[in-house]
Amino acid sequence: MPTGFHVLIAAQFVSGLADNALLIVTIARLDELGAPLWWAPLLKLGFTLAYVLLAPFVGALADAWPKARVMFVSNGLKAGACALLVAGGDPLLAFTLAGIGAAAYSPAKYGLVTELLPPARLVAANGWIEVCTVGAILLGTALGGLLVSPSAQTAAPWLPPLAQALPTGGTQLLPALLTVLALFVLAGVLNLCIPDSGARYPRVAPGRLLRQFADDNGRLWRDPDGRVSLAVTTLFWGVGATLQFVVLRWAEHSLGLDLHEAAGLQIATALGLIAGAVAAGRWLSLPNATRVLPLGIAMGLLVPWMTVIEQPMAAAPLLAAVGACAGFFVVPMNALLQHRGHTLLSAGRSIAVQNFNENLGVLALLALYAALTAAGLPLALLIWGFGALVALATAAITALHRRHTSQGARRAPLSNATPENA
């Protein structure tokens, strides 16, 4: 891998760590303010809505400017969201601002991967990217739990005078917020160290962006490999984002853990995911990416076992197994989608389409989860429902894809694909 890719990996890990630690700290801020339970999913809804609404514009932005510069400015927006919380601002507004930064960051990050590396290296590269991205989601959640623990809130004796000097709105979470802010600053410094790939694309007139985005979306869904990989990753990220809240709630209510302990339990999922992603990067090639589809069914069948577990020690192996299936499953699918998107469209535009669909799935399932939680649906039924959704939906996607290939539909060879950066 080129040196620039390693710097990109480091920047992605630190930024993702800060994003997800900020989520837990913001949930703790809602608890501190006495907000209702169903407000917590609204944080992710506001964050994800930015991906959906800004998708037609951020892809063009990532292609119009050096991608490392776009990533630096995006991290600045996330740091601004953290600073808003330090100043006592509204948690929902602050986390939505962080979502705007993340929406602009993603096409630049993934687009840079396709520019720095040839198609033959994309599965291996995505193994590292997904280890960093999803690992940062889970480890950042654990870090956030540690930061909001009572011991962490009283660990810095120099903070009380600082708290009096800042308009913090009376929060006790100042140590946690300043730690997350420092992580965003570090991620910004790493962004400045990423080399420019030199790739440039024709700029699109602002008035044509929405129409071009609609055309790009249709083109990727009509492509056989693009369709199956986009359907799978949309399902995966929608269910995964929702299960993050489900697992936290399950650990608190079924295992008797505090929020910071429940967040720490997800380290087991992170370790399993790392193992699965590394294995996929080592043993799978891009033409064989669709062979992992049955693993999505297995992952869905594992989820309902949460309902019969009552001890944290028994929960860890189950979460590790779910993580391993997820890592081995999503890495080749993501690499296939990136390759087809870059071939048919451009680096930034294809990732913007991917983000639009995946986060639309996140929005739909988070809205469903928030509604079911507000309606008082038992947690066990929620867990069974999401497990069944993963298994049945993946089975349907697999059956349709196999029917398509068995009928001899013509598919563009991955090794001979040529760019169509229209």
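Figure 1. T26 touches L43, L85, P91 and F95 when residues up to four places away in sequence are not counted, a contact being defined by heavy atoms within 4.5 Å. The residue lies in helix α1, which spans residues 3–33; helices (H or I, at least four residues) and strands (E, at least two) are DSSP runs numbered from the N terminus. T26 is buried, with a relative accessible area of 0%, where buried stands for under 20% relative accessible area, exposed for over 50% and partly exposed for the range in between, with a 1.4 Å probe and protein chains only. The structure is a predicted model, in which local features need pLDDT of at least 70 and side-chain atom pairs count only at pLDDT 80 or more, whereas totals for chains, interfaces and linings use all residues. Residues are numbered from 1 along each chain as its sequence is written, and side-chain values use heavy atoms, with hydrogens and water left out.

**Figure 2. Overview of the fold.** The protein contains 16 helices and zero strands, and buried residues make up 58% of its 422 residues. Among contacts with a separation of 6 or more, 85% are accounted for by residues 24 or more positions apart.

**Figure 3. The pairing of helices α3 and α4.** The axes of α3 (residues 67–86) and α4 (residues 91–116) come within 8 Å and cross at roughly 165°; axes are lines fitted to C-alpha atoms, for helices over the stretch in contact, and angles run from 0 to 180 degrees between N-to-C directions. The two helices are therefore roughly antiparallel to each other, given that angles over 145 degrees count as roughly antiparallel, under 35 as roughly parallel, 65 to 115 as roughly perpendicular and the rest as oblique. The residues of this contact of α3 with α4 divide into 18 nonpolar, five polar and four charged. Within helix α4, A104 is buried, with a relative accessible area of 9%. A104 is in contact with V58, V70 and S74, leaving aside neighbours within four places in sequence, and its C-alpha atom is 8.8 Å from that of V73, 31 residues apart in sequence.

**Figure 4. The crossing of helices α4 and α14.** The axes of α4 and α14 (residues 312–344) come within 11 Å and cross at roughly 75°, which makes α4 roughly perpendicular to α14. The contact is made by Y110, V113 and T114 of α4 together with N334, Q338 and H342 of α14. These residues of the contact of α4 with α14 divide into two nonpolar, four polar and no charged.

Figure 5. T242 has its place in helix α10 (residues 224–253) and is buried, with a relative accessible area of 0%. Not counting residues up to four places away in sequence, T242 touches L365, L366, Y369 and F386. I137, in helix α5 (residues 122–147), touches N20, W237 and Q244 under the exclusion of residues up to four places away in sequence. The C-alpha atoms of I137 and A18 are separated by 9.0 Å, although the two are 119 residues apart along the chain.

**Figure 6. W250 in the largest nonpolar core.** Of the 130 residues in the largest nonpolar core, V180 and W250 touch the most other members; such a core is a set of buried Ala, Val, Leu, Ile, Met, Phe, Trp, Tyr and Cys residues joined through side-chain atoms within 4.5 Å. W250 touches L255, L265, M306, I309, A315, L319, L379 and I383, not counting residues up to four places away in sequence.

Technical notes
Ala, Val, Leu, Ile, Met, Phe, Trp, Tyr, Cys and Pro count as nonpolar, Asp, Glu, Lys and Arg as charged, and the others, Gly among them, as polar.
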